[in-house]
Amino acid sequence: MMKTGLLRHAAAARLAVAAVRPAQLSSIRASSAVLSASRASSSPLACRPAAPAVLARFYSAASASAAASSSAGSSEPITRFTDLPKLGVSDSLVRSITQGMGYENMTPIQSMTINAALAGKDVVAQAKTGTGKTLAFLTPIVQRILNRLQEEDSNWRRRRPDARDIQAIVVSPTRELAEQISAEAKRLCQGTGVVVQTAVGGTMKRMMLHKARREGCHLLVATPGRLYDLLSDPESGIAAPRLAALVLDEADRMLEVGFAAELEQITELLPSRSEVPRQTLLYSATLPKDVVGIARRYIDPKNFEFVQTVRADETPTHERVPQYIVPCRGFQNIAPAVLEFVRNELVAAKEAAKEENPEALPFKAVVFLPTTAAVLFYTYLFQRIRFHDRRFPRIYDMHSKLTQATRTKNSEAFRNAQSAILFSSDVAARGMDFPNVTHVLQVHLPQDRDIYIHRIGRTGRAGKGGQAYLFVSNIEINTARRRLPGLPIQRCTSIESAEVDVSDGAALPPAFQEIREASSMAPHEVLKNMYTSLLGNSLKGVDVQSIVDELNEMTKHQWGMDEPPAVSRRFLDSLPRGISGLNVMSESHRSPRGVGDRRGGFGDRGFGDRGFGDRGFGGRRDSQPRRFKDDFERMEYMAGQKKDRRGPRAQPTF
DNA sequence: GCGGATT
């Protein structure tokens, strides 16, 4: 019942946002131009009552940061964690970073944002995947929490813990990412007295509430649904009447349609920024231009810092992660090509280990698939293959239809594994830090360029190497070229199974045979769901008739079916007109939907409003340096630049 | 029939 209420509100909020936005934006533009002159003197903390000692402490931090940024070029920003006390960061916090977590030098994003965030500024930050964004926002947030607690009551550590006085909230788009951020926050807060709690769906709410009431809560890490649930429930015992900071991790994702409306609902439950000044931090590896406009609703246009450690003409992928595309003759070649590739890499990793190459790591891969049914299909096939070959690495799967307990278990097991393969939906595409992933494989086209970037960001983290492979059918190549411009993707043609023509009677590569055998053992449900799921919106941008033709080839030549799995008349009607080759059944004997370890379904959750697919190219190209009315306009422009440069005229590299 | 996100 809560759900329908929220959805109704969310829909109303969407409409309201759409109606209000243009006018509001222009008024913000106008006022920020007028107010920009007084920017230097206006600080959100200036109007907040505070004990003099703490103010002095705060201002020393603020002026240190002001000195660092105003004299940019002459004085170096801080680059070592041990120098943080100069900015007013407490010794206990620095100790847990340097001794507890073992960090010494800051990454660029840490060095460039911690100052501003400590000074209470809003921050919009873009930095490559795996470069320490989490610690970059947690460090100043935790220090500011310490300042506030101290400022209110120097005996705060002895006070009864309270879950009704949350100081900061971090919001994440997925549960596992929230858990991961929370784990890092807890390590950071070790020994500081700052209490971290986690609020995500799929877990026992009562237990979480009990824990929060017992231990208190200063910093809450949450996913949007559960956060809304807790804040809207006056009985929960969770409240944030004096919230000082809100962090959106994966900010561009959080501000997309769908999440944006939910976020809107959440902020309505928080104290208004005019009454309780609130710092907002937006961090991501990708910041598309259309999101920057929405970001304006969350940040203070007069007092924020926009930090990009990715040059505007550069893509947010790592040079040290080579990217390849493996064009496959047809759909039936893709799974065999993946298997052949995995087997080759397993051998290569073994060889490298023999040569005692210090850089050599055991094969550890994440394979991203476009649908849940495809994850189940690949998991089934590879588990089957491992059944006959115990030297094959362990197989894990990850998608939202698993119970949360299984999700957590699989995620942890893969994190701790030396060598393993994780088949995953995009639930693990962003933010997840699985150590020592050597390969990211993507099967079929990613929904958009940013998802491609986030997925390959699961490897090449923390200065380590990695490789990225994209397996697509030939019918997807043209869409791939349009969708993935400006990326250094090279063609990989060394995989025999990718190119073999099943119909010409030639001998099939071993991997092809293996997949064929494993498919023949698969439950019909797994195959049928795989078939129909690829006809959904997941391959949007590719000609539907070609998809049907290729799927039918696969059912015949790889799955050994006489006729393709049946689809409903209704489904056929939802496709473009004139599609042929589908096996249409009558409505009356539709088989029950759903397979595997599922969470109970709760009604239809339409995805129609998500607005997937390619984002438009916009903006202008100037060779002249240009001036900006305010930093916000500059940020919009900088974020837009990348789109301009990698525009439709970019030369395909594959 | 199409990532994810509270019961």
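Here is a short tour of chain A, one selection at a time.

**Stop 1: colour by confidence.** Before you zoom in, remember that this is a predicted model. Colour chain A by pLDDT: the average is 82, and 80% of the residues score at least 70.

Stop 2: In an unreviewed entry, UniProt lists residues 82-111 as "domain: DEAD-box RNA helicase Q". UniProt also puts a "short sequence motif: Q motif" at residues 82-111, again from an unreviewed entry. What is the span made of? You'll find 47% helix and 0% strand.

Which domains contribute to the lining of the second largest pocket? Colour domain 1 (2-308) and domain 2 (323-589): each of them gives at least three residues to that lining.

Next, pick out helix 5 (133-152) and helix 6 (175-189), which each supply at least two lining residues. Helix 6 has the largest share of the lining, with 5 residues.

How many are nonpolar, polar or charged? The lining of the second largest pocket splits into 10 nonpolar, 16 polar and 10 charged residues.

Stop 3: Finish by selecting residues 589-623, where pLDDT stays under 50. The model has 56 contacts beyond four places in sequence for this stretch. Then select residues 642-647, where pLDDT also stays under 50, and the model has 19 such contacts beyond four places in sequence.

How values were computed: Residues are numbered from 1 along each chain as its sequence is written. Chains are lettered from A and ligands numbered from 1 in the order in which they are written. This is a predicted model: local features need pLDDT of at least 70, side-chain atom pairs count only at pLDDT 80 or more; totals for chains, interfaces and linings use all residues. Side-chain values use heavy atoms; hydrogens and water are left out. UniProt positions are given in the numbering used here, feature names are shortened, and annotations may be inferred rather than shown by experiment. Helices (H or I, at least four residues) and strands (E, at least two) are DSSP runs, numbered from the N terminus. Ala, Val, Leu, Ile, Met, Phe, Trp, Tyr, Cys and Pro count as nonpolar, Asp, Glu, Lys and Arg as charged, and the others, Gly among them, as polar. Domain bounds come from an automatic or database domain assignment. pLDDT is the predictor's confidence in each residue, from 0 to 100. Contact means heavy atoms within 4.5 Å.
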